[in-house]
Amino acid sequence: MPDSGWNLSDSTSQQLLEKLKNAGMPLGEYVEGKIYYGIKTGYNEAFVIDEATKDRLIAEDQRSAEVIKPFLAGRDVKRYMPPKSDKYLILFPAGFTYEKMQDSVQEQWEWLQENYSSIAAFLAPHANKAIKRTDKGNFWWELRACAYYEKFERPKILFQEIATYQAFTWDDLGMYSNNKTFIIPNGNLYLLGLLNSKIIWYFINQIASKLQGGALAMQTPYTFQIPVIGGDEETRLSIISHVEHILYLKQADAAADTSALEAEIDLQVYRLYNLTYDEVLLVEPGFALSREKYEMHEAAKV
């Protein structure tokens, strides 16, 4: 008889997957559908600049600082790490120029030259290519229309569009990010702890498309399905406290060892989702606690 490829382990995994799906509210519902794609400029050579260029443009014209934003790439988003980047975005959003004046294109450009002189001089050589892109605003120096630019200015969870490892992090510095990232502006530190837990990574691995090299597609058709359980107040506060501690340590030292804190979050999340000891071993084969110690705590809750 040919091997069907199915075994008891497959059945157990499917049962756990269904248990997790039914355990909490889908992430898409939890955040009211507000997971947003990063920014696509259509022409990075003109609109994404390095730190030296940013410093020069601002030195030449202080007003440039108003429209130059710190800009992250997907590779800059790392697990629990305060996001840092040496790239910056020149951001004139669609409609920006019309808000100032509504004369001819030539007069609009002259207005930009008068009011943002260094940036206009920098962008001018790129005009011919910038005007040909489809991702532009009302004028070639503007980025395309986007209803959520202001969301990047707010505290938010960031994650990569294509993930080879679990890399959700927190940004409260108003970073903008490119189209290799997603943001959750309705996020919070409790949610961050859940998203970085082993259970959620296990879940995503079960449902998301696998790409070359084992990377996972993290687009909303998959991430919207992540089950978010509310939990009791004591557990929520404990997870938040651990996450705050991790972020503090990573801010002070990127190489800080936070594995013990993360393991404690994992343990609390296992219990939130009511995993049996055998289910925990399915998620984390090297789980440190003995069956007796894990089940002793579970029995105490009854």
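Tyr-36 sits opposite Ile-183 of strand S10, in a predicted model where local features need pLDDT of at least 70, side-chain atom pairs count only at pLDDT 80 or more, and totals for chains, interfaces and linings use all residues. Residues are numbered from 1 along each chain as its sequence is written, and side-chain values use heavy atoms, leaving out hydrogens and water.

Strands here are DSSP E runs of at least two residues, helices H or I runs of at least four, numbered from the N terminus. Strand S2 (residues 36-37) pairs with S10 in the antiparallel sense over 2 bridges; pairing takes at least two DSSP bridges. S6 also runs antiparallel to S10, joined to S10 by 4 bridges, and Gln-160 faces Thr-181 across that strand pair.

In a regular strand, side chains alternate between the two faces of the sheet. In S10, Thr-181 and Ile-183 point one way and Phe-182 and Ile-184 the other, and all are buried (under 20% relative accessible area, 1.4 Å probe, protein chains only; exposed is over 50%, partly exposed in between).

On to helix H13 (residues 259-272): 10 of its 14 residues are buried, so H13 is largely enclosed by the rest of the structure. Leu-261, Ile-265 and Arg-271 are among the buried ones. After H13 comes Asn-274, with a positive phi near 55 degrees.

Key: Expected span 1.5 Å × (residues − 1).
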